[in-house]
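Thank you all for coming. I would like to take a few minutes to walk through one model, beginning with a term that we will need and then moving through its charged pairs, its pockets and its ligand.

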Amino acid sequence: MKLATALVHAGVRRDPTTGAVAVPIYQSATYQHPALGQSTGYDYSRTKNPTRSALEDALARLEGGSQGLAFSSGMAALHCALQLFGPEDHVLLTEDLYGGTYRLVDRILHVPFTFVDTTRPEAVRAALRPNTRAILVESPTNPLMKTADIPAIADIAHEAGALLIVDNTFLTPWLQRPLELGADIVVHSATKYLAGHNDVVAGALVARDAALGERLTYLQNGIGAILGPQDAYLVIRGLKTLALRMEKHQANAREVAAWLAAHPLVERVFYPGVGGMLSFNVTEAALVPGVLASVQVCLFAESLGGVETLITYPSTQTHADIPVARREQLGISDKLLRLSVGIEDCHDIIADLAQALEGARCKNPLRDAPAAHRA
Ligand SMILES: *Cc1c(COP(=O)(O)O)cnc(C)c1O
């Protein structure tokens, strides 16, 4: 079965009793035992729930792994994966990774880590320590859209006896399949493209080999941050249209990136050529409030990956937890805006950005100031 077919068939043929085409929402916490010492395979829904199992099987199939696991959020999925490591271990992290992942590792779990530029495999190799147990990569990165050579980093990880974990939220298995490129674990904020409609918060892990899958399943049950059956249903529902959505997100993003690159108030566009996410620097930070106040089709909101176009200001939103000095060093400036390009008609997105940039130029308090007063 090809991937597009597997996506449409996520959750199908799960209920031989009725033949239900849409996966039933098993809103049951517990399950009646047939007899002493017997089980239907389901005992208690933290451990296993049929609707969640349908999603977990689909996730494993789509990423090409042995075990999929669904969580109450992307952070819960990352939290579970990071429980594989302790204070005696060391992990390498992509330097401009999702702010919440940095907060989890540094402020909550206190796993010793080093930031590394994962666009340069030699920098990754140089950052290894004898106790490095994992390399956690985002590709493309958020918000600067830098890409990593996943096969090269997988080799470096495995030579060092470490795991490669890839956060595949931005590209999804439709555009990138990290396990096939050598990664050991894939992480998703399923809130984003997998579910795709800005109506559910969910997370996922997929493990390549069975032993690692078993260990993560043990941790998922033990920690308990599982995805509920109604939300699992919504993610399955979203998966069915993932291929169509990703193609449209990508086609729109390519057009928007090209249009922005030619705009006089845009200094630089960050678009990796793949996927539906892009960022851009406006020529001055003073334009930002005006752009955010003027958009009418694009919504000023956090998050990404849904059908609606969202515009985000990383320095005060997604990346607010990254210290200012570090943000500046990475190039996450106060002129940077991020777009999650939706699946609307592209002309409407571009016309909206055109009027918002023009509106911002008119509202810019520095517009008519003498040059000497400009920052
Ligand atoms: C949103 C996001 C997360 C966190 O996921 P939640 O579902 O919000 O908990 C992790 N990684 C990336 C790349 C994200 O975009």
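Predicted model: local features only at pLDDT ≥ 70, side-chain atom pairs only at ≥ 80, totals over all residues.

A residue is called buried when its relative accessible area is under 20%, exposed when that area is over 50%, and partly exposed in between, with a 1.4 Å probe and the protein chains only. With that in hand, Arg120 counts as partly exposed, because its relative accessibility is 39%. Residues are numbered from 1 along each chain as its sequence is written, and side-chain values use heavy atoms, with hydrogens and water left out.

Let me stay with Arg120 for a moment. Its salt-bridge partner is Glu122, and the closest N and O atoms of the two are 3.5 Å apart; a salt bridge here is a side-chain nitrogen of Lys or Arg within 4 Å of a carboxyl oxygen of Asp or Glu. Side chains of opposite charge can pair when their charged atoms come close. Over the whole structure, the search finds 12 salt bridges.

Another of these pairs joins Arg133 to Asp89, with 3.0 Å between the closest N and O atoms. This pair links distant parts of the chain, 44 residues apart, since Arg133 sits in strand 4 (residues 132-138) and Asp89 in the loop between helix 3 and strand 2 (90-94); helices (H or I, at least four residues) and strands (E, at least two) are DSSP runs, numbered from the N terminus. Is each partner buried or exposed, or something in between? Arg133 is partly exposed, at 32% relative accessible area, whereas Asp89 is buried, at 6%. There is also a network of salt bridges, which links Glu95, Lys146 and Arg326.

Arg14 and Asp57 form a salt bridge as well, their closest N and O atoms being 3.0 Å apart. Here the partners are 43 residues apart, with Arg14 in the loop between helix 1 (3-8) and helix 2, and Asp57 in helix 2. Arg14 is partly exposed, at 28%, and so is Asp57, at 40%.

Both of these residues also line the second largest pocket, together with others including Met1, His9 and Arg61. A pocket, on a 1 Å grid over the protein atoms alone, is an open set of points where a 1.4 Å probe fits, with protein on both sides within 12 Å along at least five of seven lines, and its lining residues have an atom within 4 Å of a point. Helix 2 (residues 50-63) gives the largest share of this lining, 4 residues.

Turning to the largest pocket, its lining comprises 21 residues, and Gly74, Met75, Tyr98, Ser189 and Lys192 lie nearest its centre. Helix 3 (74-82), helix 4 (99-109) and strand 6 (185-189) each supply at least two residues of that lining.

Finally, which residues are found around the ligand? Among them are Gly74, Met75, Tyr98, Ser189, Thr191 and Lys192, where being near means having a heavy atom within 4 Å of the molecule. A polar backbone atom of Met75 is 2.9 Å from an oxygen atom of the ligand, while a polar side-chain atom of Thr191 lies 2.7 Å from a ligand oxygen. For Lys192, an N or O atom in the side chain is 2.8 Å from an oxygen atom of the ligand; a polar contact is a pair of N or O atoms within 3.5 Å.

Key. Polar contact = N/O pair within 3.5 Å; in protein donor to acceptor, adjacent residues only side chain to side chain.
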